[in-house]
Amino acid sequence: MSDDFGDQRQRLIELIQGIYQLRQQPMDANRYKEIAAQLSFPSLTQIEQVFGSWDALLQAANLPVKDNLTNQTRRPYTNRTRSIWSAEQSFSFYEEQRGKYISIREYKELRQHHPEMISPSTINYQYGSWKQAVQHHGLISTKQFTHEEYLTALNTVYEKSPETFNSNTYTLWSKGKRAPSLTSIFVHFKSWEAASIALMEWRTNRE
């Protein structure tokens, strides 16, 4: 093997290790092709000429092969480790917790309690934009809610059953709807009690 060939192998190994450190997740050949086209990296064909296959490069770089982790990445979130999740895992977890409606703010709120979720900036890097990432994973972008919209959502639940109006009944009502999440309400009003007081004052002023 020539020195040039050995140098080329080492450069490719260092390149893929650097990409992995940035992404912190397994990457398949198709995703690499997209990144290579955008950043003028060596093509997948060049890699296959040097190593024989994409998986052979990953093995030479001591990196996990994505195909070997397929079952792991689709486990329920309760079985996931504390390492950084992929975008697929993170969006799946969000949907399990909050439903299909999502905004960056609500995603960040959930991520504060689950730092293993991938960061929005990394999502934007991988998919080109937040909107494209959300659509790719079958979720629906939501707008930022106004103070009036928070109160209207709370009032809807209150009017359905004033005697059982609490954070649990609100959570059940809001899941899967284009409505503020319970976490968003806590952030906006600082507490459920404060939200309830604001709602009562709002209702009084409307009478």
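1. Starting with the second largest pocket: α6 is the top contributor to its lining, giving three residues. Bear in mind throughout that this is a predicted model.

2. On size, that second largest pocket comes out at about 220 Å³ in volume. Its lining is made up of 16 residues, and the ones closest to the pocket centre are Gln-97, Arg-98, Thr-171, Ser-181 and Leu-182. If you want to find the place by elements, look for α6 (87-98), α7 (104-113), α11 (167-174) and α12 (182-189), the elements that each put two or more residues into the lining.

3. Now to a helix pair. Two packed helices are described by the angle between their axes and the distance between the axes. For α10 (residues 147-160) and α12, the axes come within 11 Å and cross at roughly 125°. That angle is why α10 counts as oblique to α12. As for handedness, α10 passes α12 in a left-handed crossing.

4. Which residues make the contact between α10 and α12? From α10 you have His-147, Tyr-150, Leu-151 and Leu-154, and they meet Ser-184, Ile-185, His-188 and Phe-189 of α12. By class, this contact has five nonpolar residues and three polar ones, with no charged residues.

5. One link between the two topics is α12: this helix gives two or more residues to the lining of the second largest pocket, and α12 is also the helix that α10 meets, through residues including Ile-185 and Phe-189.

Definitions and conventions: Residues numbered from 1 in each chain as written. Predicted model: local features only at pLDDT ≥ 70, side-chain atom pairs only at ≥ 80, totals over all residues. Heavy atoms only, no water. 1 Å grid on protein atoms, 1.4 Å probe; cavity = no way out; pocket = protein on both sides within 12 Å on 5 of 7 lines; lining within 4 Å. Points joined across faces, edges and corners; volume = space filled by probe spheres on them. Helix = DSSP H or I, 4+ residues; strand = E, 2+ residues; numbered from the N terminus. Axes fitted to C-alpha atoms, helices over the stretch in contact; angles between N-to-C directions. Parallel < 35°, antiparallel > 145°, perpendicular 65-115°, else oblique. Left-handed = near helix turned anticlockwise from the far one by under 90°. Contact = heavy atoms within 4.5 Å. Nonpolar A, V, L, I, M, F, W, Y, C, P; charged D, E, K, R; others polar.
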